[in-house]
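Here are a few notes to read alongside the structure. Take them in order, and keep the view open as you go.

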Amino acid sequence: MAAENDFLLAIEGLTVSFDGFRAVDDLTLYIDPNEIRVIIGPNGAGKTTVLDLICGKTKATEGSIKFKGQELTAMREHEIVTAGVGRKFQTPSIYEDLTVFENLEISYPRGRTVFGAIMFRRDQVVIDRVNEIAEMIFLDGLLDLRAAFLSHGQKQWLEIGMLLIQDPELLMLDEPVAGMSVSERQKTADLLKKIIKGRSVIVIEHDMKFAEDIAHRVTVLHQGKVLSEGDMERVKNDPKVVEVYLGH
Amino acid sequence: MFSDYTMAELGSIFAMQGFAGLSLFSVFVLMALGLAIIFGQMGVINMAHGEFMILGAYVTYLCSNLFSEYLPGLFSIYFFLAMICAFIASGALGMLVEWAMIRHLYKRPLDTLLATWGLSLILQQTYRSVFGAREVGVTIPDWMMGALPLTDIVEIPINGIFVMILTISITVAVYFLMYRSGWGKQVRAVTQNRVMAGAVGINTERTDRLTFGIGCGIAGVAGSAFTMIGSTGPTAGQLYIVDTFLVVVFGGASSLLGTIASAFTISQAQSSIEFFLSGSMAKVLTLLTVVGILMLRPQGLFTLKVRR
Amino acid sequence: MKAGFSLFNRSELLFLVILIGLIFIVLPFGLDIFRLNLVGKYLTYAFVALGLVLCWGSGGILSLGQGLFFGLGGYCMAMFLKLEASTPEATKIQSTPGIPDFMDWNQITELPWFWEPFHSLPFTLLAIIAVPTFFAFIIGLAMFTRRVGGVYFAIITQAFAAILTILIIGQQGYTGGVNGITDLRTLLGWDIRTDDAKYVLYFVNGGLLIACLLLAQFIRQCKLGRLLVAMRDQEDRVRFSGYNVANLKIFVFCLAAAISAIGGAMFTLQVGFMSPSFVGIVPSIEMVIYCAVGGRLSLFGAIYGTLLVNYAKTVFSEVLPEVWLFAMGALFIGVVMAFPNGIAGLYQTYLEPKVRRLLEVGGKEPDPVDTSSIAARPAE
């Protein structure tokens, strides 16, 4: 039990079934502080569902998810965020009718209750922080632009920025470079390398080169179960993984 | 409230109210079937659904008049022809509406709701201008008159039985159409994944139009059946629309069986309470219960758990 | 990006001045008291429309049951006025003097308990706001924490409006039934039926409307307003940014209910009665169209939309009553299909650039990005 506290995130025996179909099946996974974990696996392996379960979007059927000793399965979505878990969705989900500045401002972790939001004032601290983040995500010249007018890649960056401004201890990214052009992909990789410092990150990614670039450890999911785990080299040479990816 | 009655009396009361409830059940099911297709499968809120039903009723009324005027010999079977006409008329209007209005609003369900409400106002006023503001009734053929005595106090009207049989037949037909025919498969494919359905060669636009048309056509048939147990007025459709939506939502929008079960529950509850309290209180209680249950189980009674 | 907070930008300030001028100067001087009273009645619906701009336009929550709150506010006011009109002296011909006449007609011999507190004006004023807000809170709590939204929410609010109407009509001994609560005369001894009183009430109504407009504008301009827009577009993103989405929705729904209720109370005072025909499904959805015609995203638009639709309704009803339903139906369809942002949207497309150029003469350049005018996408 004592060892459990050393992990930032401890998932044990996690199971979720949708009408009999076990999308995640008795999954156990530990993430260390400051660890970069890449989750790979074929389509339908349950990767996105695992993120959904951690951030509370889907309720687990069985099992536990402990984040810094707190049981996440018993918490509501916004409480999980407040506890320090940030999650980026697969398709860019940003507020298209608001400006880039407002998108970031809303994500700034202050005034999150109804009355807090009424009393919230745009002071210099907020403005400085927004500018700082905007520079990091290559959008510093576009603060007054409506987010709807951003390119696909810029929208992905904006969403990453919206997470960054919350400064989460655990950052979960669902295919952050999907649908990006080659140059955007490179810039994103640089961005991610910059922002993953000082926090734990779970990344779902198909791009093996990208995964190899950033991962400390890799987990391969298959049919809701962990197929293989370890560093990239080991996972790549695991016959079970080869079987799943190349066998048929 | 039960203490004033003996058990035998209570039994008869429930039997009689049960049958009254079955008439209401028929109306609910017939209206809800069309809605279950349009709302449950396509996700379109059609507030003018009641008016499509009333169109069927007016078509039946016209047929009844035509037959008694020109073909009195065939009067006893006019109803079956009227039903077909009602289906065609409401279905055609439905397809026209889908083409002119609904297809532009698929991504804006709340706006569809408002636009179809506007349509319902226009249709109501049209009926009022054409047929007058007063309710009209059709002449029921002789063989449908009268009642079957069941016990000394319980009698069942023949037209009621006829409508019941009709309801069951239409339900079975809809079931086969939706779940056993190629067209039904196409409809479900389009609702579940429009892009993919298009990619495998389904004409999604035509499927949408046909689905909407058939949903409206079934409403027309419902209106036709409705004339057998009640009279028709320009605003009769509006009276049932919210109840019917609750029926569909309560049953779980995309489940046909759920729709029928919920129509049965709601109509039986309402007509049983009605005997002991006033009609309005019965309705208030029923609606409140339904809304209350929906708050606890918003996805309806009969739905599968799926990943959102 | 500036720090600080401004309630109105330059052109909105101009709108405010124009609206105040119209309500407090042009209309009172231009119309006789009968017509002015009519305008006053229209303006009470504008309260509902303001609430809908917040709830539906900003937040994407369409309630088809706003008549419920308008009606509750109106009934609270009417109960007080009715009790004042039912003194034992005024009702001595009844078999039970001292209770409202419709109760006597329905063989009720004692004032029901829930009528008792409405002898007090302070209680009544509190109840006008508190009762509808409480109902909105209950509905909101039940629906929004269970993630019921969109068309489901619309249908269920509509069911609530229907339930209240059936209840009022069914329980006529307690509520006055289908005729409503009529024959209201005085407020604390002050006769509300005289022309003078109608003038005063008109101005009070106008003042309250402007106050509610300012309140709504404040909500829209602070972070809560931007959160509502954000929620309309990407509810999950807001939730996963650490906000309790249900609470935000409950708040805005309650606020809209409270504003509508003020309108209902002012309606009772100005028109002199309250009846279920302002509560149910049909009036509730009509109130949505007032807001839609004016522009669901514009507070000013909502007020003008209300005035315009009601003016048209009055004119048609006097001249060609049967055409009115056609016109109303066409309005619903037209606004949704062709002008989803209503009058305000048309203004923004065609007139605003010109006005903006006019305003720039002799002034600093206005902030080119203001959220109220760019959030111009129809809610889904």
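1. Start with helix α12 of chain C, residues 281-294. At 1.5 Å a residue, its 14 residues should span 20 Å, and the end C-alpha atoms are 21 Å apart, which agrees. Please keep in mind that this is a predicted model.

2. Is α12(C) enclosed or open to the outside? Count its buried residues: 12 of the 14 qualify, so the helix is largely enclosed by the rest of the structure. A residue is called buried here if 20 or more other C-beta atoms lie within 10 Å of its own. Among the buried ones are C:I281, C:E286, C:M287, C:Y290 and C:G294.

3. A:K68 is partly exposed, with 16 other C-beta atoms within 10 Å.

4. Which value does phi take at C:R147? The angle is near 60°, again positive in a residue other than glycine. C:R147 sits in chain C, in the loop between α5 (121-145) and α6 (150-170). With 15 other C-beta atoms within 10 Å, C:R147 is partly exposed.

Terms used
Residues are numbered from 1 along each chain as its sequence is written. Chains are lettered from A and ligands numbered from 1 in the order in which they are written. This is a predicted model: local features need pLDDT of at least 70, side-chain atom pairs count only at pLDDT 80 or more; totals for chains, interfaces and linings use all residues. Helices (H or I, at least four residues) and strands (E, at least two) are DSSP runs, numbered from the N terminus. The expected span of a helix is 1.5 Å times one less than its number of residues.
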